Amino acid sequence: MSGKKSEGQRNSLGKTWMDEELSDTELLQRLAKGDKSAFRGIVQLHGRYLFTIARSLTTSDVDAEDVVQEVFLALYRSKFRGESKLRTFLVSILMRQAALVRRKHKPWMRLAGSEEAMAEAESSAAVRSESPAIDAKIDLAELLGKLSPEHREVVILRELEGLSYDEIAKTLSIAKGTVESRLYRARESLQQIARRSGEQE
Amino acid sequence: MNCPSDQLLSAFHDGEASPEDAASVRAHLADCASCADVVEAMRKSSQLVQQAELLPVSEAMINRWSSVTRAVQDRSIRRLAASLTGIAASVLIAASLLKQPSAEISTPQLGEIEQWAFAGEDDSIDSSSSHIAAKWMAADLSMRSSREDQGGAQP
């Protein structure tokens with residue numbers, strides 16, 4: 001299944017934004033009525049995306065899976081009823097938890113951004129993409145994994161969640177000017193990464 | 001307008017420049033190929049992120065993530081195991097040794113479980129909630145063993 005999203009028309013599961021929003025609303029309503037199968041529906045809709053983001057923040061599939069489990073647990077315990085976009089809510093929890101883990105486990109847990117982590121991410125990504133496409137698509141986890149945590153956060157919220165600078169500032173508890181400068185620098189990094197991966201082909 | 005800063009061009013690309021700045025930038029871009037290139041490069045890096053491949057997930061992973069009520073209980077067990085002291089510990093040990101439903105051990109209400117599990121987030125478990133958790137865990141253990149005896153599947 002391709003992760004293609006052109007101009008935000010269709011998302012990674014081939015659904016339009018409208019489709020996904022309707023699905024979210026319906027699923028949340030059913031969940032509120034105690035329909036447990038609705039929970040599985042939410043997992044199916046958003047699991048792959050969350051796992052990809054989580055993988056960019058951790059160094060193993062197992063750790064990424066655990067982080068995603070934490071996020072869905074938090075949703076289960078929360079009273080979220082669709083006040084904002086569900087996926088944005090989920091990815092915000094994800095990033096907050098990743099930041100907590102970073103603060104708590106710094107000496108022990110190698111997170112993406114360290115030399116070894118990046119090398120490992122690159123080699124595992126190479127193993128995963130075994131069928132060479134004509135235009136070899138870059139792995140989102142790999143791409144995000146190469147950014148610093150601060151850059152990664154603003155890129156996720158702006159490019160993938162479509163939040164405004166004000167909304168990003170509120171989500172991350174930073175100044176709007178900081179959002180602006182971080183995004184600009186993140187884009188410089190992304191362009192460098194793209195150039196480098198282009199040179200490797 | 002002299003060439004605007006790349007940072008302003010980045011804000012412009014996001015539609016976040018002020019109306020005055022945006023108008024100036026638009027006018028400037030009409031005449032400046034170099035700045036137009038910068039904006040185009042930013043558009044490409046946005047596209048790169050938005051079109052990047054997601055990782056595959058297996059049905060097994062979906063199953064694990066979906067089995068949330070089980071996960072709440074399992075995590076509660078693990079957290080409890082790490083923090084049991086005194087009376088709570090002996091209640092638990094007694095229940096696991098007996099391996100049968102005891103009249104004195106009643107399953108706490110669901111709200112109590114959730115309350116305890118949520119309170120566990122910051123790793124501080126006071127003695128009262130520890131008592132509730134011990135009751136629950138003992139009841140759960142006795143339920144599990146009787147289920148195993150009957151050859152029943154786990155929920």
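**Helical architecture and nonpolar cores of the predicted model**

The model is a predicted one, in which local features need pLDDT of at least 70 and side-chain atom pairs count only at pLDDT 80 or more, whereas totals for chains, interfaces and linings use all residues. Residues are numbered from 1 along each chain as its sequence is written, chains are lettered from A and ligands numbered from 1 in the order in which they are written, and side-chain values use heavy atoms, with hydrogens and water left out.

Chain B contains eight helices and zero strands, helices being DSSP runs of H or I with at least four residues and strands runs of E with at least two, numbered from the N terminus. Its surface amounts to about 8600 Å², of which carbon and sulfur atoms supply 55%, as computed by the Shrake-Rupley method with a 1.4 Å probe. Among the contacts in chain B with a separation of 6 or more, 67% involve residues 24 or more positions apart, a contact being defined by heavy atoms within 4.5 Å. In helix α4 of chain B (residues 59–66), the residues B:Met61, B:Ile62, B:Trp65 and B:Ser66 are buried. Viewed down the axis of α4(B), these buried residues fall within an arc of 130°, and they therefore line one face of the helix; the arc is that of the directions from the helix axis to the C-beta atoms.

The largest nonpolar core comprises 60 residues, of which A:Leu50, A:Ile53 and A:Phe72 touch the most other members; such a core is a set of buried Ala, Val, Leu, Ile, Met, Phe, Trp, Tyr and Cys residues joined through side-chain atoms within 4.5 Å. Its largest share, 11 residues, comes from α2(A). Apart from this core lies another, of 10 residues, including B:Ala22, B:Val25, B:Leu29 and B:Cys32. Beyond its neighbours within four places in sequence, A:Phe72 is in contact with residues of both chains, among them A:Phe39, A:Leu50, A:Leu90, B:Trp65 and B:Val68.

Helix α2 of chain A (residues 36–57) also holds A:Arg55, which counts as buried at 8% relative accessibility. The C-alpha atoms of A:Arg55 and A:Glu65, 10 residues apart along the chain, are separated by 8.1 Å. A:Ser164, by contrast, lies in the loop between α7 (149–160) and α8 (165–172) of chain A and is partly exposed, with a relative accessible area of 23%. Neighbours within four places in sequence aside, A:Ser164 is in contact with A:Arg158 and B:Glu16.

Definitions and conventions: Buried means under 20% relative accessible area, exposed over 50%, partly exposed in between (1.4 Å probe, protein chains only).
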